[in-house]
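Here are some notes for a colleague who is opening this entry for the first time.

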Amino acid sequence: MLGDVLRQGLPAMVLDEAWLSLLLMVGTVMLVGGGRRLSRRHVPWRRPRAFLLESVATFQVCACTNELRLLANVPPKPHVALTLTYLFTVLHGLTLAGSTCNPCGTLQQVLDSGVSGKQGGLKVAAQFFGAVLARICMQHIWSLGIAQVHAEALTQGCSEPIQTSATQAFCIELLFSAVFQLTVLQLESIRPRLRVHLVALLITVLVYGGGNLTGAIFNPALAFSLHASCFHDKFWDYSLVYWMAPSLGSVLVAIVWGEILPLIF
């Protein structure tokens with residue numbers, strides 16, 4: 001796909017900035033991989049180690065998505081953005097095994113009694129810590145002025161990701177969260193290397209279907225990292241759409257998966 005972009009003769013500045021963003025994201029993945037290995041080897045205490053592993057994993061997802069969002073307008077649209085979404089989702093799945101990186105996924109585990117309430121709270125705290133840290137780090141990198149798109153992102157403020165009514169946005173994020181969590185549960189028995197591709201394909205399809213309306217985020221920590229300024233300006237609207245809706249979707253999945261489906265099957 002990137003080869004197709006090159007053959008179309010786009011301006012060199014656009015291509016250079018796209019490659020810089022890709023290098024930045026790959027570098028982030030490598031840095032986090034090293035940090036996770038060090039945490040496993042040199043942090044003997046279970047809870048601090050779990051906090052570090054979850055926080056750096058969420059940092060990777062949020063940092064890469066912050067940068068990936070800047071490539072949304074690279075032509076041909078939306079093919080480049082969707083291809084990169086799929087590829088980096090696969091990369092996250094392969095390199096962050098064992099981490100949730102999503103408060104709704106953690107809520108699902110707590111509701112299914114997979115983890116205790118204390119463990120769930122620790123993971124959610126780690127996820128938001130990683131999300132905030134990713135936001136701060138990416139803004140610092142953008143402030144270096146390496147690429148024009150970085151400077152534009154710093155001055156943009158709230159990018160208004162909600163391009164529909166609050167009610168419809170709430171329903172979209174709730175539905176997407178429920179579909180995602182239910183599919184992940186259904187795919188648990190599939191071997192991991194195949195599962196990451198199926199999950200990545202699902203996320204890409206959801207982004208294609210609802211990305212122009214809400215961003216199709218269905219991850220409260222990621223939503224806050226991407227749109228912190230929007231939460232500052234319109235806290236209740238954005239918390240309702242990006243926090244409450246996906247959380248409610250996880251609760252509905254827990255009810256369907258744990259109470260309704262066993263009665264049917």
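1. Cys158 and Cys230 are both buried, and in this predicted model they form a disulfide, with their sulfur atoms 2.0 Å apart. The link between Cys158 and Cys230 is right-handed, with 100° about the S-S bond. Distant parts of the chain are joined by this pair, since Cys158 sits in the loop between α7 (148-156) and α8 whereas Cys230 belongs to helix α11 (residues 228-233), 72 residues apart. The structure holds one disulfide.

2. Cys64 is in no disulfide, and the nearest cysteine sulfur, which belongs to Cys62, is 9.6 Å away. Cys64 counts as buried because its relative accessibility is 2%. The sulfur of Cys171 is too far for a bond, because the closest cysteine sulfur, in Cys104, is 16 Å from it. With a relative accessible area of 44%, Cys171 is partly exposed.

3. Helix α8 (residues 166-186) and helix α9 (residues 192-210) have axes that come within 11 Å and cross at roughly 170°, which means that α8 is roughly antiparallel to α9. In their contact, residues of α8 including Phe176, Phe180 and Val184 meet residues of α9, among them Val199, Leu202 and Leu206. By class, the contact of α8 with α9 has eight nonpolar, three polar and no charged residues.

4. An unreviewed UniProt entry places the feature "transmembrane region" at residues 20-39, 198-221 and 241-264. In the model, residues 20-39 are 100% helix and 0% strand, with end C-alpha atoms 28 Å apart, while residues 198-221 are 62% helix and 0% strand, with end C-alpha atoms 23 Å apart.

Conventions:
Residues are numbered from 1 along each chain as its sequence is written. This is a predicted model: local features need pLDDT of at least 70, side-chain atom pairs count only at pLDDT 80 or more; totals for chains, interfaces and linings use all residues. Side-chain values use heavy atoms; hydrogens and water are left out. Axes are lines fitted to C-alpha atoms, for helices over the stretch in contact, and angles run from 0 to 180 degrees between N-to-C directions. Helices (H or I, at least four residues) and strands (E, at least two) are DSSP runs, numbered from the N terminus. Angles under 35 degrees count as roughly parallel, over 145 as roughly antiparallel, 65 to 115 as roughly perpendicular and the rest as oblique. Contact means heavy atoms within 4.5 Å. Ala, Val, Leu, Ile, Met, Phe, Trp, Tyr, Cys and Pro count as nonpolar, Asp, Glu, Lys and Arg as charged, and the others, Gly among them, as polar. UniProt positions are given in the numbering used here, feature names are shortened, and annotations may be inferred rather than shown by experiment. A disulfide is a pair of cysteine sulfur atoms within 2.5 Å. Buried means under 20% relative accessible area, exposed over 50%, partly exposed in between (1.4 Å probe, protein chains only).
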